[in-house]
Amino acid sequence: MISMPSSISDSKSTALTYAKTLVGICVLLMIAVEISSVYLLKHDSATYARISRQYDEAAKMRPARAGEPPSVLMVGNSLLLHGVELDRLQALTSSSMRIHPIFLEATGYYDWLYGLRRLFRQGARPQVVVVGVGVNYFLKNGVRQDYAPMLFFDVRDTLAVASDLHLDRTATSNLLLAHSSTFWDTRSAIRTQVLSHMVPHLEDLFLLVNPKPAIPEGRAFEEIAIPRLQRMHELCEAYGAKLILLVPPTLSSESAVNQMVYAAHTAGVDISVPIDPAALSAKFYQRDGMHLNPEGAVLFTSALAKDLPERVVTHDTLASRLARSTPAPLTPTAQIADREH
């Protein structure tokens with residue numbers, strides 16, 4: 001037998017030692033980055049603090065007792081965050097409903113379909129669910145890549161979202177990592193914060209590179225909107241909650257709002273359009289033409305405070321009558337709906 005020279009054997013042993021050392025350093029760096037990300041997220045992110053608090057409060061929601069105003073879960077994106085003065089709305093409607101909000105920017109239909117599904121599984125039992133994301137985001141095919149996967153989805157929700165959106169393996173892996181890793185979930189938010197300090201007028205630049213998505217017309221609109229409305233309606237109904245679709249105004253959106261009203265009526269979903277977009281000129285909007293400015297928010301909040309309680313009280317009255325006429329416990333339809341997904 002020919003023996004291997006000791007120099008070759010020693011070099012392989014040394015290379016293996018270096019490789020193990022390098023892997024160990026990489027693992028330690030990954031752990032350090034992850035721990036640092038968790039710390040920064042919990043101590044420096046106003047968005048995370050707000051959403052975590054709102055989500056925890058929403059998960060504890062229960063049906064109102066006799067004589068109490070009904071419980072209302074209101075979810076949406078930046079259109080409601082900037083367009084609704086929450087303290088004022090809650091003060092104006094305190095005698096007719098108890099509002100629990102969750103507003104996360106850049107969220108749409110799929111974020112809240114699965115976000116609501118998980119909230120229901122965790123025990124949330126609102127009597128009414130109000131979803132207000134705007135027509136554009138309701139028709140959007142996608143989910144927010146940060147915060148939402150970590151806060152709103154579990155593993156099976158993440159896989160279900162990937163299936164609904166027909167994501168490839170790379171995109172699905174990114175979504176799973178965003179759900180599991182704080183650093184991976186918040187990397188885009190960190191990048192945006194860094195860029196905002198380096199690039200002046202970054203928001204104006206985003207407006208140029210991210211134009212408003214086109215809204216389909218006629219039948220193409222209905223083929224997207226109606227099945228989504230029906231699916232969300234069935235989810236809320238399975239857990240004993242009424243769905244109300246809230247349409248906040250955006251500049252020159254009269255046609256889109258009319259199409260959404262028709263789609264909602266076709267799907268059997270109550271829809272709230274507190275203020276006609278045609279009634280608000282550009283002076284009530286921010287520069288992007290999407291978000292209301294403080295003056296516009298005052299008008300929208302006042303209109304919402306008048307429109308929403310009527311829909312909520314009507315539902316609460318009907319629910320009370322049904323409860324009195326049907327003393328037997330409700331069938332576990334929620335479990336059936338959950339098993340389907």
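The model is predicted, so only local features at pLDDT of at least 70 are discussed. The chain has 341 residues, and 44% of them count as buried. Its secondary structure comes to 15 helices and 5 strands. If you take the contacts between residues at least 6 apart in sequence, 83% of them join residues at least 24 apart. The accessible surface is about 18,400 Å², and carbon and sulfur atoms account for 60% of that.

I will start with the sheet. The 5 strands form an open sheet in the order β2-β1-β3-β4-β5, and the pairing is parallel. At the edges are β2 and β5, residues 270–272 for the latter; each has a single partner strand, so one side of each has no neighbour in the sheet. From one strand to the next, the twist averages 25°.

Now along the sheet, pair by pair. β1 and β2 are joined in the parallel sense by 6 bridges, and M74 has P101 in β2 as its bridge partner. On to β3: here 5 bridges join β1 to β3, again parallel, with V72 partnered by V128. Then β3, residues 128–132, runs parallel to β4, residues 242–246, with 4 bridges between them. Two of the positions to look at there are V129, which stands opposite L243, and V131, which stands opposite L245. Finally, β4 and β5 run parallel and share 3 bridges. L245 turns up again in this pair, standing opposite I271 in β5.

How many residues of β1 are buried? The count is 6 of the 6, so the strand is largely enclosed by the rest of the structure. In a regular strand the side chains alternate between the two faces of the sheet. In β1, S71, L73 and V75 are on one side and V72, M74 and G76 on the other, and all of these are buried, so both faces are covered.

β4 can be read in the same way. Here 5 of the 5 residues are buried, so β4 too is largely enclosed by the rest of the structure. K242, I244 and L246 are on one side, with L243 and L245 on the other, and both faces are covered.

Next, the nonpolar cores. The largest has 57 residues, and the members that touch the most others are I102, L116, F152, L229 and M260. Leaving aside residues up to four places away in sequence, F152 has a list of contacts that includes I51, Y55, I102, W112, R118 and Y147. There is also a second, separate core of 23 residues, with L80, V130, I275 and A305 among them.

Two of those contacts of F152, I51 and Y55, are also among the buried residues of α2. The others in that helix include Y48, R50, S52 and Q54. α2 covers residues 46–59, and at 1.5 Å a residue its 14 residues should span 20 Å; the end C-alpha atoms are 20 Å apart, which agrees.

D111 is another contact of F152, and it is found in helix α5. Is D111 buried or exposed? Its relative accessible area is 1%, so D111 counts as buried. Beyond four places in sequence, D111 touches A106, G142, V143, R144, A148, F152 and F153. Of these, G142 is 31 residues away along the chain, and the two C-alpha atoms are separated by 8.1 Å.

A106, in the loop between β2 and α5, is not a glycine but has a positive phi, near 60°. Its relative accessible area is 31%, which makes it partly exposed. Y147 sits in the loop between α6 and α7, and its phi is also positive, near 70°. What is the relative accessibility of Y147? The value is 7%, under the 20% limit, so Y147 counts as buried.

Terms used:
Residues are numbered from 1 along each chain as its sequence is written. This is a predicted model: local features need pLDDT of at least 70, side-chain atom pairs count only at pLDDT 80 or more; totals for chains, interfaces and linings use all residues. Side-chain values use heavy atoms; hydrogens and water are left out. Buried means under 20% relative accessible area, exposed over 50%, partly exposed in between (1.4 Å probe, protein chains only). Contact means heavy atoms within 4.5 Å. Accessible areas come from the Shrake-Rupley method with a 1.4 Å probe; for residues, only the protein chains shown count as cover. Two strands pair if DSSP finds at least two bridges between them. Axes are lines fitted to C-alpha atoms, for helices over the stretch in contact, and angles run from 0 to 180 degrees between N-to-C directions. A nonpolar core is a set of buried Ala, Val, Leu, Ile, Met, Phe, Trp, Tyr and Cys residues joined through side-chain atoms within 4.5 Å. The expected span of a helix is 1.5 Å times one less than its number of residues.
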